[in-house]
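Dear colleague,

I am handing over the structure below, and after it you will find my notes on what turned up. Please read them with the coordinates open beside you.

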Amino acid sequence: MGGRHRPLRHGSGGRVAAGGLSIAAAGVAVLVVLTGSWGVYRALTQTRCGQRITVSVAATSEIAPAIRATTAEASDAELRLADKCVSVDVVAADSADVAAAVASHHQSSLGGLGKASGKTKVPDVWIPDSSMWLSRLRSGGPGWVPDDAPSVASSPVVLALPEPVAKTLGWPNKRFTWNDLFPRLTSDTRLRTGIVEPSRDAAGLSGLLALAGTGDVAAGSTGRQTTIGALRSLATGRATLREELVSRFPPSIDVTTLAKSLSAAPLTEQTVITYNARQPVAPLAALYVDPAPVPLDYPFAVMPGTSVDKATAAGAVLGLLAGDAYRNRLAAVGLRGDDGGIGAGFAAPKGAPTLTAPVTVAPDPGRVDTVLATWSAVTSPGRMLAVIDVSGSMLQPVPTAGGATREQVTVEAAQRGLALFDDNWAAGLWIFSTQLAGDADFQQLVPVGPLADQRRQLLNALGGITPKRDGGTGLYDTTLAAYRAVKAGWDPSRVNSVVIMTDGKNDDEVGLSLNQLLEELKKAVDPARPIEIIAIGIGNDVSEVELRRITDTTGGGTFIAPDPGKIGDIFLKAIALRTSVKR
């Protein structure tokens with residue numbers, strides 16, 4: 001939009017501070033912004049603009065109209081910081097696209113998103129649909145996103161069903177729990193379930209976390225397999241985009257159409273409201289299931305690196321996003337206030353509560369990683385060659401793992417990962433050190449093949465791995481050989497990857513240098529037959545810079561576990577990183 005200009009003047013609610021802004025005051029304003037105590041600074045002067053500042057705001061599509069209308073109000077005046085006028089440029093941007101751009105800005109990527117397209121830029125202010133995006137980015141590196149980002153709206157995550165289907169479950173009179181619904185959603189062949197790709201959609205992720213958590217609790221010691229089964233059930237009806245999934249709901253209420261159409265999906269209340277506003281023949285019912293999934297909370301994030309002036313102006317913008325007028329604008333687009341309350345004209349679905357609970361505790365990042373890794377393993381069958389370091393340093397004990405060696409915790413992580421993969425996967429196993437098999441630094445234990453045929457063989461081979469006590473780290477020769485081996489049997493129906501787990505730097509003096517390795521990999525890379533290298537560094541003796549140069553050349557990613565006892569968590573992140581097969 002064209003920028004909105006408005007003078008800073010006194011307001012109510014304790015969110016406004018008066019006076020022109022000196023450089024020192026601007027610095028204080030940034031501190032206030034970053035600590036969550038936001039102020040609106042309103043200048044008393046009406047002097048001519050000495051400079052114009054443009055604050056870019058990227059807001060997820062459903063809230064963008066309310067943000068734009070609020071910042072455009074009173075456009076006959078100007079927003080000022082002393083003699084500086086401020087324009088606010090609000091654009092609608094998909095949360096996944098901005099998240100990918102943020103990760104790309106730090107030469108990285110976020111699991112399930114791949115590399116950023118280059119079209120979406122990192123804004124001064126980002127309003128995604130959920131704080132879970134910020135949490136996932138924080139796990140990528142410190143300083144990628146702010147530590148504090150207050151909510152400016154909310155929308156509960158509900159289970160959406162066509163009303164005729166919902167009535168068969170007892171809606172609208174029955175109160176539902178996930179324990180009630182879990183068996184129906186995962187095993188009732190009459191219900192066609194679906195979900196928006198949870199690595200790209202916060203509502204899908206919230207619903208997935210709720211359903212997976214129910215599976216864990218309901219199944220006790222067999223929770224892992226029950227959860228995997230639930231995810232596989234949802235995966236049959238997954239969609240990349242929310243609009244794609246919603247289009248699968250029945251266009252009519254005849255029995256045949258209902259039976260062939262989408263029956264149930266975790267979506268936002270806002271999506272249900274928007275869908276029903278079109279007055280479809282088969283409106284959607286919104287089931288508010290207990291315990292409630294994590295709602296979307298629309299955080300207002302001033303991005304690191306934003307200038308002092310822009311950050312101060314962003315605080316002024318935040319101050320505008322309060323009061324009845326703003327809440328009514330949210331209601332007009334089907335959103336609630338940050339406290340879960342509703343504004344005038346809110347078209348609540350039948351049975352919707354007037355007030356919903358805001359986000360109080362964010363989902364555990366480790367739990368999110370685990371569920372997304374499991375989802376990735378279920379939905380994107382892979383063809384993976386695991387390459388495990390067996391150099392002498394892998395005999396070092398890990399204090400945080402009860403004294404188990406680096407090799408033992410690495411093997412355990414690989415075994416746990418293998419348990420996630422179904423029989424549609426193909427996997428193989430190599431080990432490497434120096435001069436492990438004659439002059440070769442690597443040795444094949446199990447060739448890449450279908451897990452349906454060789455799962456037991458792989459588990460037995462993993463259990464028999466023993467480090468070479470005097471062995472070094474022949475990383476470079478092994479990496480090239482592994483890449484070429486996977487390329488030779490490349491499978492277009494699967495995500496093809498090499499996963500290398502090592503605790504050291506290359507020390508094979510008679511083998512390839514790093515530059516030679518990179519040159520050979522560049523020659524081997526074929527965009528038509530992509531192969532990702534995922535490097536997992538164990539401990540503090542690895543060179544993250546060198547590993548990143550390798551994975552940047554082929555595609556993939558580098559993960560470092562300074563505490564080898566945490567390699568299981570790192571392995572899960574690595575699995576979630578894999579790019580889905582293009583279908």
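**Notes on the model**

Proline 291 sits in the loop that runs between β11 and β12 (301-302), where helices (H or I, at least four residues) and strands (E, at least two) are DSSP runs numbered from the N terminus. The model is a predicted one, in which local features need pLDDT of at least 70 and side-chain atom pairs count only at pLDDT 80 or more, while totals for chains, interfaces and linings use all residues. Residues are numbered from 1 along each chain as its sequence is written, and side-chain values use heavy atoms, with hydrogens and water left out.

The peptide bond that leads from aspartate 290 into proline 291 is cis, with omega near -10°. A cis bond also joins tryptophan 171 to proline 172, here with omega near 5°, and proline 172 belongs to the loop between α5 (163-168) and α6. In the loop between α3 (95-105) and β6 (125-127) lies glutamine 107, whose phi is near 55°, a positive value in a residue other than glycine.

**Pocket and cavities**

Grid points are joined across faces, edges and corners, and a volume is the space filled by probe spheres set on the points.

The second largest pocket has a volume of about 760 Å³, and of the 37 residues that line this pocket, Val289, Asp290, Pro291, Ala292 and Pro293 lie nearest its centre. At least two lining residues come from each of α6 (178-187), α7 (202-219) and β11 (284-287), with α7 giving the largest share, 6 residues. The lining of the second largest pocket divides into 24 nonpolar, 9 polar and 4 charged residues, where Ala, Val, Leu, Ile, Met, Phe, Trp, Tyr, Cys and Pro count as nonpolar, Asp, Glu, Lys and Arg as charged, and the others, Gly among them, as polar.

Over the whole structure, 3 cavities of 30 Å³ or more were found. The second largest cavity holds about 50 Å³ of space, and its lining includes Trp178, Leu185, Gly207 and Leu211; α6, α7 and β10 (265-268) each supply at least two residues of this lining, which has 8 nonpolar, 2 polar and no charged residues.

β13 (382-389), α15 (406-420), β14, α16 (451-463) and β16 (495-502) each contribute at least two residues to the lining of the largest cavity.

**Sheet and helix packing**

An open sheet of 6 strands runs in the order β15-β14-β13-β16-β17-β18, with mixed pairing, two strands being paired if DSSP finds at least two bridges between them.

On the β15 side, alanine 427 has glycine 449 as its bridge partner. Strands β14 (residues 426-437) and β15 (residues 440-450) run antiparallel, joined by 7 bridges, and they form a hairpin with 2 residues between them, where glycine 438 in the turn has a positive phi of about 70°.

As for the helices, α15 packs against α20 (residues 567-577) at an angle of about 40°, with the axes 9 Å apart; axes are lines fitted to C-alpha atoms, for helices over the stretch in contact, and angles run from 0 to 180 degrees between N-to-C directions. The two helices α15 and α20 are therefore oblique to each other, given that angles under 35 degrees count as roughly parallel, over 145 as roughly antiparallel, 65 to 115 as roughly perpendicular and the rest as oblique. Helix α2 (residues 64-72) and helix α13 (residues 324-332) cross at roughly 150°, with axes that come within 8 Å, which makes α2 roughly antiparallel to α13.

With best regards

Definitions and conventions:
1 Å grid on protein atoms, 1.4 Å probe; cavity = no way out; pocket = protein on both sides within 12 Å on 5 of 7 lines; lining within 4 Å.
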